[in-house]
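Thanks for coming. I will take a few minutes to walk through one model, and you can follow along on the screen.

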Amino acid sequence: MEDRIHAHGAERPTLSIRDLSVEFPKREGAVKVVDKVSLDVWPREIVGVIGESGSGKTLTSLAALRLLPKRAQATGSIKLGERSILDLSERDMRGLRGDRLAFIPQDAMRSLNPTMRVGRQIGEPLVLHRKTPWKQAVDAAAKLLKSVHVRDAEDRIRNYPHNFSGGMQQRAMIAMGLALEPELLIADEPTTALDVTVQAQVLKLLKEIRDSHGTSILFITHDLGVVAELCDWVYVMYRGRIVEEGTVRRIFTTPREDYTRMLLAATPTIFDQRAELS
Amino acid sequence: MSLSGLDPQTRFDFGRWRLVIIGGLLVGLVLAAAIFAPWIAPYSPLEFDVVEMLQPPSTAHWLGTDELGRDVLSRAIYAARISMQVALLAVTVGLVGGTLIGTIAAYFGGWVDAILMRTMDLLFSFPAILLAVVLMASLGNSVWNAMIAIGLVFIPGFSRLARASTQSVLRQQYVEAARTIGMSDVQIIFREILPNIVAPLLVEAAVAFAYAVLLESALSFLGLGAQPPDASWGNMLSTGRGFMAQAPWLSLVPGMAMFICVLGFNLLGDGLRDVFDPHMRH
């Protein structure tokens, strides 16, 4: 068995999913989109879930937030620390979202309310969960925005989302996620909409957050390059199942499953391009 | 930096605001008349003077006098008060009630949506004037009841608009994002949805305002709503009808006042729609 360094000395995983299945009932019988998925995220660990569109990776992350579409039925167990997510009341679950458990979406522009100043949005979790007065929440937002390396953060909090560039919007979403120092950050393809240089900056920022705040990160992506750069441990998902797991190095050098090999082979590299050009 | 050397954010674009300004001026004129009536009106609207009855416009009575010798200009100015009061309250009732019903229907969907919107369809299927008359008949004759009746007539329209706007906002990711930070349904409705559907509702409110003025006049014309001797444009028209040949100013003056008022609110509504509509920008 490979060595999962983050599991050493830790009492329990931050997030532990066991035999999670998600089904959509239909007249002809249920459609199983996630099939007995088990995965762990240990404290201070960045875990990547990689898979193609429709492999069930996003639904797995939504199940952890308990924000699946109404018709979906989830079975199995999801534990955040000691709390059993699927058994909590709706009220307790609301208390966890944005507080102990933060989510960073794919498309930051469309995830910010266009009618609300950025500072208020970043500070909103403080108001919702800690009853912080708005003024203090907005002051805290300026500090948060600064911590994710947005320049002139004190002025920028008064801007509306459309005044921000794509990279800044994603940083604002990350700042909002960090507002209450969550135990776990779930990021669903947060860099897909960004260009490569900004993408690299955001990945660096996520690593920095793990190092300075000790946050565990569950990173959902289809991009092998991002996984290679960022993650400590990788799960490969295919057709609703986890087909392989391991350290990034092991997955990339000696993939055991055919699907992982295909996935690796499908990634264009600089060498392939050269071959095509000549 | 734009070519003219001015920051495009600060430069005022008259073309875009043209209709709003013209409409706003007309509306402002009527509102000023309504608010400052006691100071503007040259005579009391109720003061009789049998000697001066049915006088054509003159320097003493700029817009003539009516069948009881009352100053028509003064009555038209005071009538603006009633019209504005009724329209303001009626639009408020329609806007608040309709927005509430439409937003709740769209947000919760399913049978809540079905029950609320079918009720609205039922209300909508009555002709507006008939519905108002029926409501007035059951509520009793008074300006206050006219406001409520007209307001109820407006609820279905506002609720449909609010429901459609809410449905489009609900598909936006920021509503989903609000859930991920732990917002409740009520918080989502007030912080995420309402601020994003205000623009179309305000446009509708301006147009409804014009319609409310017309409806109130129609009710008063039929003898419902404002009761003589109180002046309203509707009952002034109604009495003027009997003197069309001898004293046409009796009908013309309230008619013109209504025309200015309705035109103003319609221009304002159209203008606001253009200003708010992102597709019309530049």
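This is a predicted model: local features need pLDDT of at least 70, side-chain atom pairs count only at pLDDT 80 or more; totals for chains, interfaces and linings use all residues.

Let me start with chain B. Helix α3 of chain B covers residues 72-108, which makes 37 residues. Just after α3(B) comes Gly109(B), with a positive phi of about 60 degrees.

Now the core. The largest nonpolar core holds 156 residues. The residues with the most contacts inside it are Leu145(A), Ala172(A) and Leu218(A) from chain A, together with Ile150(B), Phe209(B) and Ala212(B) from chain B. Which element gives the largest share of this core? That is α3(B), with 19 residues. Chain A takes part as well: domain 1 and domain 2 of chain A each supply at least three residues to this core.

Take Ala212(B) as an example. Leaving aside residues up to four places away in sequence, Ala212(B) touches Val86(B), Ala87(B), Ala90(B), Val91(B) and Ile150(B).

Next, the domains of chain A. Domain 1 is made of 5-100 and 183-277, and domain 2 is 110-181. Their C-alpha centres lie 25 Å apart. The contact between them takes 13 residues from domain 1 and 13 residues from domain 2. On the domain 1 side, helix α8 of chain A, residues 196-213, gives the largest share, 6 residues. By class, that side has 8 nonpolar, 4 polar and 1 charged residues.

Last, the strands of chain A. Strand β1(A), residues 15-24, pairs with strand β2(A), residues 31-41, in the antiparallel sense over 7 bridges. Within that pairing, Val22(A) stands opposite Val34(A). The hairpin of β1(A) and β2(A) has 6 residues between the strands, and Gly29(A) in this hairpin takes a positive phi near 120 degrees.

β1(A) has another partner, strand β4(A), residues 73-80, and this pairing is also antiparallel, over 7 bridges. Here Ile17(A) stands opposite Ile78(A). As a general point, side chains in a regular strand alternate between the two faces of the sheet.

That is what I have for today.

How values were computed. Residues are numbered from 1 along each chain as its sequence is written. Chains are lettered from A and ligands numbered from 1 in the order in which they are written. Helices (H or I, at least four residues) and strands (E, at least two) are DSSP runs, numbered from the N terminus. The expected span of a helix is 1.5 Å times one less than its number of residues. A nonpolar core is a set of buried Ala, Val, Leu, Ile, Met, Phe, Trp, Tyr and Cys residues joined through C-beta atoms within 7 Å. A residue is buried if 20 or more other C-beta atoms lie within 10 Å of its own, exposed if 12 or fewer, and partly exposed in between; C-beta atoms are placed from the backbone. Domain bounds come from an automatic or database domain assignment. Two residues are in contact if their C-beta atoms, placed from the backbone, lie within 7 Å. Two strands pair if DSSP finds at least two bridges between them. Ala, Val, Leu, Ile, Met, Phe, Trp, Tyr, Cys and Pro count as nonpolar, Asp, Glu, Lys and Arg as charged, and the others, Gly among them, as polar.
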